[in-house]
Amino acid sequence: MKRIVSVLMSIMVVLSCVVFIMPPDIVSAANNADDIVSIARGELGSTNYSKYYGGNKGAWCADFVSWCAQQAGVDSIAKSSSCYNMYIGMKNNGCQEVSSPQKGDIVFFYCTKCSSTAGKWCHVGIMEDSKYSIEGNRWSNGVSKVERGNSYSHNGDLGYKHRDGIVRKYLRPKYSFPNPVTTTPSIWKNSDSYTVGNSATLTWNSVDNATGYWFSVWYKGEQIVTTQVSGSSEYTLNNLGEGEYTAYITAYNDSSSKQGYVTFRVNYLDIGTNFRLFIRMCGIENRLKAA
């Protein structure tokens, strides 16, 4: 009995040691936009620049992006202390340049007025959504830290701080598992009533994680429009016929899609109502009563 108890105690000691030596920081390998943005958000306010590259204090924005990418397991984001080298490395890794940013894209701030390579490729960050980015080495009250922003002031080879001449270039990393489209896009019509021969304009919004949009219209059991469109845009149908229309906007990516729709009806012109309105406007109604 004593021997059994001794063996059990030994096993418990070994297990406790195993738990104790587990590394405190486990690198995620999910390789998706949610993870890298979540990691970047967790660093907001940090001034511990040495955590991201362990060197002397300097321009550490690219080191911050590299560190976040490594933690999230995103191999397509080239690890570099240089914004330019990171951009070229990501292009070589097959990352796509996009004009409409979304969560998880990498934003490069490019100075069109500067002359040196380092001056031109002046800053880099991680898009938190379609508008804001999370960046290392942003200066606030004389302190360099991780902050959220939607603009950048450059103090490069022009010798003074400026915002003019700064453009953004967006690269989309090759995430292995796209985040699903979870929000249904909304679509609106521009009127509550239409008559035959009118036009109808349909407008829709963008949603997170969508990489493309399809617009389609059905009329009397037939699909009369189907076309690829951009987010936050519109489409006009001309010379409407009588009957019910249904317009759809589908937001999608490689893993999922969400579809919104709106219906509206087109009627013939009410001749009686419009004729009565016409004679009132012309003053004919009063003349007829007087007669």
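Modeller: The side chains of S144 and W60 are joined by a polar contact of 3.0 Å, that is, a pair of N or O atoms within 3.5 Å, one able to donate a hydrogen and the other to accept it. The model is a predicted one, in which local features need pLDDT of at least 70 and side-chain atom pairs count only at pLDDT 80 or more, while totals for chains, interfaces and linings use all residues. Residues are numbered from 1 along each chain as its sequence is written, and side-chain values use heavy atoms, without hydrogens or water.

S144 has a further polar partner: its side chain makes a contact of 2.7 Å with the side chain of N137. S144 belongs to strand β5, which covers residues 143-149; strands (E, at least two residues) and helices (H or I, at least four) are DSSP runs, numbered from the N terminus. S144 counts as buried because its relative accessibility is 2%, the term meaning under 20% relative accessible area with a 1.4 Å probe and protein chains only.

From W60, the partner of S144, one may turn to helix α4, residues 61-72. The twelve residues of α4 should span 16 Å at 1.5 Å a residue, the expected span being 1.5 Å times one less than the number of residues. The end C-alpha atoms of α4 are 17 Å apart, which agrees. Helix α4 is mostly covered, with eleven of its twelve residues buried; among them are C61, F64, V65, W67 and C68. After α4 comes G73, which has a positive phi, near 75 degrees.

C68 is buried because its relative accessible area is 0%. The cysteine sulfur closest to that of C83 lies in C61, but the two are 3.7 Å apart and therefore too far for a bond. C83 itself is buried, because its relative accessible area is 7%.

The link of C111 and C114 is right-handed, with 75 degrees about the S-S bond. Both C111 and C114 are buried.

Note on methods: Buried < 20%, exposed > 50% of the residue type's maximum accessible area, 1.4 Å probe, protein only. Disulfide = S-S within 2.5 Å.
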